[in-house]
Amino acid sequence: MTEPAPGRVDMAKLVSLCQRRGFIFPSSEIYGGLSSCWDYGPLGVELKQNIKQAWWRAVVRERDDMVGLDASILMHPRTWEASGHLKGFADPLVECKSCHLRWRSDELKGNGCPSCGGELTEPHLFNLMFKTFIGPIEEQASVVYLRPETAQGMFVNFENVVNTSRKRLPFGMAQIGKAFRNEITTGNFIFRCREFEQMEIEFFVRPETDKRWFDYWIEERTNWYVKLGIKKENLRLRQHSQEELAHYAKECYDIDYLFPMGWAELEGIANRGDFDLVQHSSFSGKSLSYYDEETKEHITPYIIEPSAGVDRSFLAFLCDAYGEDVVEGGPRVVLHFHPDLAPIKVAVLPLSRRENLVSLAKEVYADLRRNWMVNYDDAQSIGRRYRRQDEIGTPFCVTIDFQSLEDKQVTIRERDSLNQIRVPISELKATLQAKLEGEDLFVLPPGGQIWKEEKT
Ligand code: GAP
């Protein structure tokens, strides 16, 4: 990790916003929390689901060469022998002889303890996998591990997927799921957790085409972040040095993001070669080769692996969306989320709690929520309600006023441009749909003279 990034949003502000507005809470907070474990609150779970859906849509639903998988977290323990995790998935741990804090020695700058300056022990390798037992008896024979990556579930299902999906090379599998690592150094909010979620692709290719697919996925995955609102200048590619490469990788690039604490890995893209299929084949005794009907040969495909973190993506989208400005002479905190990611798409706000207004507003609300996550808010002034929605990133507010009772029109107010337009209730859903899909122009309904634009 590098030095704190100047000009970036302060992490403390993000943590406070997330807690205040119900995005993220410390895990088991009433007991004092659990180190590096977090709970996603009502808005957090929506944002997280939207990130996962956007990823799934881009890498599975809209492609012919990908299929999905949801493998179990607990796997046969031989998996981790074959994968190299039992031996190699370890960090060098040192402990301070005075304050007893523990550190990763490969991340330390000087010789002493970063906290008190005390003398450190010699490093020893600490395996990051969480161990548990299957069944009632806690003995060596029943040891299993919480998976430290979702990837292995895809490798061990290679044959099942080839046989059932009838995919031909090149093709890939995608999986979203929890992973667990007993990290020595944690912190920076949800950047490094002990329990987190991954979105991983294992893309199987002919060995001689690996370079082309490696480059392809680096570009594809970078573009995904940009399309969903991450500024290009906040992303960079970083190649792993030979010493840094994981035991399975031939080549690896990180897509780094400029987090509040500096540049750090958002997603890793590795060329795993044939390491995994060869290893699992040899440990299981099952052939994991692919029969090429054109050349009539058995080959072991190479694997290109774009591996993203849901929690780190969450943090990156949050950082890039965060803004502070002044509206109507008052300060505003606003999250400029891409509409696909915004936890709440529309808020319905009746101007007053008068019964006839409320009943119309409730009708509109009931209709819109059949399509989207919608908030209904009638508490406090309209200005404060707009601010509340801005702070959680709601792209559109629909205001229902007394005139709405007469002309059956409502006002849509846009979070980013602050433009307000008046639309007939009959056209509201279609207009919001178009706006949420990023259309700039409004389609005038028949008798379009009723449309007007004003700035607040
Ligand atoms: N299968 C390859 C693999 O797991 P990795 O670089 O160790 O590679 C991939 O992890 C991604 O998972 C990272 O880029 C990051 O987004 C996420 N990730 C890894 N460890 C994490 C942790 N402790 N907390 C949150 N996210 C983590």
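# Briefing on a predicted protein model

Of the 456 residues of the protein, 51% count as buried, where buried means under 20% relative accessible area, exposed means over 50% and partly exposed lies in between, with a 1.4 Å probe and protein chains only. This is a predicted model, in which local features need pLDDT of at least 70 and side-chain atom pairs count only at pLDDT 80 or more, while totals for chains, interfaces and linings use all residues. Residues are numbered from 1 along each chain as its sequence is written, and side-chain values use heavy atoms, with hydrogens and water left out.

**The whole protein**

- The protein has 13 helices and 24 strands, which are DSSP runs numbered from the N terminus (helices are H or I with at least four residues, strands are E with at least two).
- Along its principal axes, the C-alpha trace of the protein spans about 75 × 65 × 45 Å.
- The accessible surface of the protein comes to about 22000 Å², and 50% of it belongs to carbon and sulfur atoms; such areas come from the Shrake-Rupley method with a 1.4 Å probe, and for residues only the protein chains shown count as cover.
- Among contacts between residues at least 6 apart in sequence, 66% join residues at least 24 apart, a contact being heavy atoms within 4.5 Å.

**A sheet of three strands**

- An open sheet has the strand order β5-β4-β6 with antiparallel pairing, and two strands pair if DSSP finds at least two bridges between them.
- The edge strands of this sheet are β5 (102-104) and β6 (124-127), each of which pairs on one side only.
- From one strand to the next the twist averages 50°, with axes taken as lines fitted to C-alpha atoms (for helices over the stretch in contact) and angles running from 0 to 180 degrees between N-to-C directions.
- Strand β4 (residues 90-95) is joined to β5 by three bridges, and the two run antiparallel; the bridge partner of L93 in β5 is R104.

**The surroundings of the ligand**

- There are 21 residues around the ligand, and E149, E183, C193, E200 and E265 come nearest; a residue is near a molecule or strand if one of its heavy atoms lies within 4 Å of it.
- The strands β10 (195-205), β13 (262-273) and β16 (302-309) each supply at least two residues of the shell around the ligand, and β13 gives the most, with five residues.
- A polar side-chain atom of R181 lies 2.8 Å from an oxygen atom of the ligand, and an N or O atom in the side chain of Q198 is 3.0 Å from an oxygen atom of the ligand.
- In the side chain of E200, an N or O atom is 2.5 Å from a nitrogen atom of the ligand.
- The ligand exposes 560 Å² when taken alone, and the protein buries 91% of that.

**Two buried residues**

- S142 lies in the loop between β7 (131-133) and β8 (143-145), and S142 counts as buried because its relative accessible area is 8%.
- Leaving aside neighbours within four places in sequence, S142 is in contact with T132, F133, I134 and I137, and a polar atom of the S142 side chain lies 2.7 Å from the backbone oxygen of I137.
- Although S142 and P77 are 65 residues apart in sequence, they are 8.9 Å apart in space, C-alpha to C-alpha.
- D390 lies in helix α11 (residues 382-392), and D390 counts as buried because its relative accessibility is 0%.
- Not counting residues up to four places away in sequence, D390 touches R332, V333, V334, L335, R413 and R415.

Key. Polar contact = N/O pair within 3.5 Å; in protein donor to acceptor, adjacent residues only side chain to side chain.
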